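Here is the note you asked for on this model. Please read it beside the coordinates.

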Amino acid sequence: MTASIPLPFTGDAAVSIAEQVLPSVVQVDDGGRGSGAGVVIGPRGIIVTNAHVVRRRSAVVRQGDGTRFEGPVVARDDSLDLAAIKIDAGVLPALESGDSQTLRPGQLVLAVGHPLGLQDVVTIGVISRPPSKDDPRELIASNVTLNRGNSGGPLLDASGRLIGINAMVAGPGLGLSIPVHVVRRFLARQVDPRPHIGITAQQINAGLILTDVQPESPADAAGLLPGDVLISVGAVQVESANVLIDSLIAAGIGGKLALDVNRAGKPHSFLVDVVGLA
């Protein structure tokens, strides 16, 4: 549970955040040349790190108290530089996610990692540039100090919420992090169970055209048909497939999506259940 930290950002506030988040930050080692950090995402034993930290099919994860687990790399995307490791450790303390889509230059942030062989190093900085859609990873730029061993660790907002996964040093005083909304899209596509309504869609100028509706799926039960053009999800216009993915993540398994479609030139609205796809 995170506490709201008043500004100006004080040393005591940073200490409070560090105490909250450190149980959710682990060391990751795939037996290769070095090690990095990882972040507990959700309670099911999923650890997110950078793809460049784990080159092999499994990795060793160490918690702050020295407890050691080994688990398979269950998902990776080298283009995003993201990977997910699954460990059997019971219920893990997961970090709360913040809002990485409304970041502003000058916003205070913290980074946690294990640079240069040191464990649980915390550094403080500010956002230099919010996520940029010019890059598929929509990278966050900040001036937090990052070194070898910080890769895969969390970038946190001033309330201790996860807003990014630290990925690389681009230059003196310039660190790059992958925003948490991109991380959640990665997990929703690749890690079971995935939020799902049973459609396949293709991007067109007007939105997303449904190319397939799976029989007996939630979309089928709601009345969606191939050829329907998805215009909006809730009040959000569908400009790309990421809008639908973000909405699925926000609704969560067991939730509902309000979809507006164009069918043969006429508007139709549907309320669709979100289920888990294993």
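1. Basis. This is a predicted model, in which local features need pLDDT of at least 70 and side-chain atom pairs count only at pLDDT 80 or more, while totals for chains, interfaces and linings use all residues. Residues are numbered from 1 along each chain as its sequence is written, and side-chain values use heavy atoms, with hydrogens and water left out.

2. Strand 10 (residues 154-156) is joined to strand 11 by three bridges, the two running antiparallel, and proline 154 stands opposite isoleucine 165 in strand 11.

3. Buried means under 20% relative accessible area, exposed over 50%, and partly exposed in between (1.4 Å probe, protein chains only). Among the buried residues of helix 2 are Val180, His181, Arg185 and Phe186.

4. The nonpolar cores. The largest nonpolar core has 29 residues, and Val48 and Leu187 have the most contacts inside it; such a core is a set of buried Ala, Val, Leu, Ile, Met, Phe, Trp, Tyr and Cys residues joined through side-chain atoms within 4.5 Å. Elements that give two or more residues to this core include helix 1 (11-21), strand 3 (46-49), strand 7 (108-113) and helix 2 (180-190), and helix 2 gives the most, with five residues. Leucine 187 touches Ile41, Ile46, Val48, Ala84 and Arg194, not counting residues up to four places away in sequence. Apart from this core lies another, of 19 residues, among them Val243, Leu259, Phe270 and Val272.

5. The structure holds six salt bridges, each a side-chain nitrogen of Lys or Arg within 4 Å of a carboxyl oxygen of Asp or Glu. Which residue does arginine 185 meet in a salt bridge? The partner is glutamate 138, at 3.0 Å from N to O. Because arginine 185 lies in helix 2 and glutamate 138 in the loop between strand 8 (121-129) and strand 9 (140-142), the pair ties together parts that are 47 residues apart in sequence. Arginine 185 is buried at 6% relative accessible area, and glutamate 138 is buried at 7%.

6. Other salt bridges. The side chains of arginine 161 and aspartate 157 meet at 2.9 Å, N to O; arginine 161 is partly exposed at 30% relative accessibility, whereas aspartate 157 is buried at 5%. Salt bridges that share partners join Glu138, Arg185 and Asp246 into one network. Arginine 76 forms a salt bridge with aspartate 78, their closest N and O atoms being 2.9 Å apart; here arginine 76 is partly exposed at 27% and aspartate 78 is exposed at 51%.

Notes. Helices (H or I, at least four residues) and strands (E, at least two) are DSSP runs, numbered from the N terminus. Contact means heavy atoms within 4.5 Å. Two strands pair if DSSP finds at least two bridges between them.
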